[in-house]
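Please look over the sequence and model first.

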Amino acid sequence: MHKKNSFDVLVIGAGVIGCSIAYRLAAAGLKTALLDQSQVGAGASGANLGMVQSNDVELGHSIPLVTTSFARYGQLGEELGMRLDFKRTGILHLLPSEEHWNGSLERAAALAQAGIACEMLPARAVAEIEPMVDPETIRGAMYAPDQGQINPFRLMWAYLRRAIPLGLSLHTFTRVTGFELQSGRVQGVHTTHGEFSAGTVVLATAAWTRRLGEMIGQNWRVHTFRASAMVTEPQHSLKLRSIISTADHIELALDGKKDIELAFLGLRQTADGNFLISQADRPGESLYPQISALAPKAMAIMTGRYFPILRRARLLRSWTAPTTYTEDGCPLIGPVPGVEGLILATAFRSSLINTPLAGEIAAELVTLGRCEVIDIRPFALDREMGKADTFYVVESGQDS
Ligand SMILES: Cc1cc2nc3c(=O)[nH]c(=O)nc-3n(C[C@H](O)[C@H](O)[C@H](O)COP(=O)(O)OP(=O)(O)OC[C@H]3O[C@@H](n4cnc5c(N)ncnc54)[C@H](O)[C@@H]3O)c2cc1C
């Protein structure tokens with residue numbers, strides 16, 4: 001392999017996770033390149049709602065990951081020297097029925113016990129916090145007052161603006177098409193723009209990870225589902241105080257046949273007054289880039305149900321992106337068994353909250369050969385995958 005593009009480390013995937021990792025590696029003094037098949041934020045990171053949430057955390061093993069990472073947000077903007085629009089607005093997870101309420105009691109207690117501020121609020125108390133919610137439509141909410149929101153684009157570019165002066169080499173529109181392996185060790189990657197060599201390659205490729213694994217005969221159990229979003233015109237007369245989520249799959253054991261509109265709703269208001277609405281779409285390994293015909297309708301129905309005042313809001317655009325889940329709800333972080341020098345850091349449930357620590361973990365794996373900041377053994381690639389503590393996706397609909 002020729003040495004034109006020769007680095008210590010290659011990070012593949014310029015989403016929030018890849019940008020965080022690339023920054024930490026460059027800051028550690030390693031000659032690092034960040035490659036993306038498209039542009040920065042072209043995957044789920046440029047499509048998401050910006051919720052920094054821990055109320056959906058996988059409870060078995062992920063609490064230290066999420067809480068340690070969340071604590072980093074206090075200083076991250078200052079460290080990176082850029083405003084991240086990080087705000088602790090609080091997240092209200094709406095519970096439409098008694099069944100949802102009862103299904104959330106255990107989770108709320110577990111979160112509170114783990115030190116994640118969380119309380120169950122009846123409908124009237126929810127309406128006091130968030131007067132735009134129609135209290136008649138809910139039994140109550142699980143309220144996480146410390147959680148909040150961030151601007152994901154600012155987050156990615158804050159990392160990159162710090163990392164590039166430290167020597168990070170950014171290669172957009174450079175798709176990895178294969179791996180160069182010798183005697184079970186990674187030597188670099190083949191791309192649409194030639195060969196890149198490095199002794200270590202970190203994959204932060206989320207929904208595309210499975211495909212990359214298949215190139216070297218690996219079967220990484222990263223699954224995808226599409227999530228969709230839309231944005232309204234600015235509503236300057238309205239002020240949403242918190243962030244809203246609601247998700248049947250967290251509280252109820254759905255049978256897979258229920259209405260798509262029940263799957264998930266996220267709602268927040270931007271600093272400019274626009275409402276951002278999102279919905280978890282459908283399972284499957286689809287990387288299809290176009291929004292389904294059902295998703296905007298489902299988002300409109302659900303938003304209008306809980307927020308009648310938004311029924312007349314006019315939409316500007318909608319979009320979709322593939323995102324990931326694993327069977328046990330834990331991410332895949334660590335070295336790839338049998339392929340020396342290849343590391344995965346991907347498939348986080350609610351990636352934004354985990355983004356700061358993902359960079360630190362990957363940098364430790366590269367520089368020390370182990371992770372000290374938290375115990376990542378539950379996230380190892382060759383673990384036994386148990387069953388997730390929540391139903392993360394709902395079987396429904398066809399791609400359309
Ligand atoms: C509509 C929507 C709303 C969401 N809302 C939230 C939310 O509010 N809060 C939250 O925490 N999470 C949310 N998520 C999930 C979150 O966006 C993702 O978990 C997160 O962005 C994943 O980040 P990532 O960096 O791991 O992957 P991605 O951002 O998907 O980045 C992977 C990158 O890898 C690149 N890539 C893939 N294959 C190759 C290749 N062969 N060569 C080179 N590059 C390659 C892709 O182009 C892509 O840029 C939402 C997702 C969606 C779609």
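The sections below take these topics in turn.

## Basis

This is a predicted model, in which local features need pLDDT of at least 70, side-chain atom pairs count only at pLDDT 80 or more, and totals for chains, interfaces and linings use all residues. Residues are numbered from 1 along each chain as its sequence is written, and side-chain values use heavy atoms, with hydrogens and water left out.

## Cysteines

A disulfide is a pair of cysteine sulfur atoms within 2.5 Å. The count by this rule is 0. The closest cysteine sulfur to that of Cys118 belongs to Cys330, 19 Å away, which is too far for a bond. Cys330 is in no disulfide either; its nearest cysteine sulfur, in Cys371, lies 14 Å away.

Buried means under 20% relative accessible area, exposed over 50%, partly exposed in between (1.4 Å probe, protein chains only). Cys118 is buried at 15% relative accessibility. Cys330 is buried at 1%.

## Ser69

Helices are DSSP runs of H or I, at least four residues, numbered from the N terminus. Ser69 sits in helix H2, residues 63–80. Its relative accessibility is 0%, so Ser69 counts as buried.

Contact means heavy atoms within 4.5 Å. Leaving out residues up to four places away in sequence, Ser69 touches Ile353, Asn354, Thr355, Pro356 and Leu357.

## Helices H5 and H9

H5 spans residues 152–163 and H9 spans residues 351–367. They pack at about 10°, with axes 12 Å apart. Axes are lines fitted to C-alpha atoms, for helices over the stretch in contact; angles run from 0 to 180 degrees between N-to-C directions. H5 is therefore roughly parallel to H9 (angles under 35 degrees).

Pro152, Leu155 and Tyr159 in H5 meet Leu352, Thr355 and Pro356 in H9.

Definitions and conventions: Helices (H or I, at least four residues) and strands (E, at least two) are DSSP runs, numbered from the N terminus. Angles under 35 degrees count as roughly parallel, over 145 as roughly antiparallel, 65 to 115 as roughly perpendicular and the rest as oblique.
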